[in-house]
Amino acid sequence: MAIYQNAQFLTQGNDNAFNLDRKPGEQVPHSGIYRCMGCGREIVAEESRQFPPQNHHQHTSTQGQIRWRLIVYADHKVK
Ligand SMILES: [Zn+2]
């Protein structure tokens with residue numbers, strides 16, 4: 001579970017990017033924190049790079065395939 005201290009630096013959003021699962025090796029669409037929907041592991045992924053390869057971590061058969069979902073979007077705009 002992602003952890004934060006100060007809620008003023010986070011805001012809730014409903015962009016569809018939060019609903020899409022990404023495969024290992026796929027290009028990262030948005031910089032941020034991603035959660036594996038099979039096991040709950042979290043990673044930081046940078047836009048235009050690639051998600052970790054299939055052998056990044058192992059799943060049991062009940063956890064299914066590795067699939068990364070955006071949980072925190074990193075806003076690069078200067079405020
Ligand atoms: Zn996993």
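Are Cys36 and His57 buried or exposed? Select both: Cys36 is buried, and His57 is buried as well. Buried means under 20% relative accessible area, exposed means over 50%, and partly exposed lies in between, using a 1.4 Å probe and protein chains only.

Before moving on, note that this is a predicted model, where local features need pLDDT of at least 70, side-chain atom pairs count only at pLDDT 80 or more, and totals for chains, interfaces and linings use all residues. Residues are numbered from 1 along each chain as its sequence is written, and side-chain values use heavy atoms, with hydrogens and water left out.

**Stop 1: the zinc ion**

Select the zinc ion. Its protein donors are Cys36 (SG), Cys39 (SG), His57 (NE2) and His59 (NE2), at 2.0 to 2.3 Å. Donors are N, O and S atoms within 2.8 Å of the metal (3.2 Å for Na, K and Ca); water is not among the atoms, so sites may look incomplete.

Now check the angles. Among the four donor atoms they run from 102 to 118 degrees, and the site is tetrahedral. For four donors, that label requires all angles to lie between 85 and 135 degrees. The ideal angle for four tetrahedral donors is 109.5 degrees.

Trace the donors along the chain. Their spacing is C-x2-C-x17-H-x1-H. Cys36 sits in strand β2 (residues 32-36), while His57 is in the loop between β3 (42-45) and β4 (68-73). The pair is 21 residues apart and links distant parts of the chain. Strands are DSSP runs (E, at least two residues), numbered from the N terminus.

**Stop 2: His59**

Select His59, in the loop between β3 and β4. His59 has a relative accessible area of 19%, so it counts as buried. What does the side chain of His59 reach at 2.8 Å? It is the backbone oxygen of Gly64. The His59 side chain also makes a polar contact with the side chain of His57, at 3.2 Å. A polar contact is a pair of N or O atoms within 3.5 Å; within protein, one must be able to donate a hydrogen and the other to accept it, and residues adjacent in sequence count only if both atoms are side-chain atoms.

**Stop 3: the nonpolar core**

Select Ala17, Val28, Tyr34, Cys36, Ile43, Ala45, Phe51, Ile66, Trp68 and Leu70. These 10 residues form the largest nonpolar core. β2, β3 and β4 are the elements that give two or more residues to this core. Such a core is a set of buried Ala, Val, Leu, Ile, Met, Phe, Trp, Tyr and Cys residues joined through side-chain atoms within 4.5 Å.

**Stop 4: salt bridges**

How many salt bridges does the structure hold? There are five. Each is a side-chain nitrogen of Lys or Arg within 4 Å of a carboxyl oxygen of Asp or Glu.

Select Arg69 and Asp21, whose side chains meet at 2.6 Å, N to O. Arg69 lies in strand β4 and Asp21 in strand β1 (residues 21-22), so the pair ties together parts 48 residues apart in sequence. Arg69 is partly exposed at 25%. Asp21 is partly exposed at 32%.

Next, select Arg35 and Glu42, a salt bridge at 3.8 Å, N to O. Arg35 is partly exposed at 27%, and Glu42 is partly exposed at 28%.

Finish with Asp75 and Lys77, whose side chains meet in a salt bridge at 3.7 Å, N to O. Asp75 is partly exposed at 38%, whereas Lys77 is exposed at 60%.

How values were computed: Four donors count as tetrahedral if all angles lie between 85 and 135 degrees; four count as square planar and six as octahedral if opposite donors are over 155 degrees apart and all others between 65 and 115; anything else is irregular. Helices (H or I, at least four residues) and strands (E, at least two) are DSSP runs, numbered from the N terminus.
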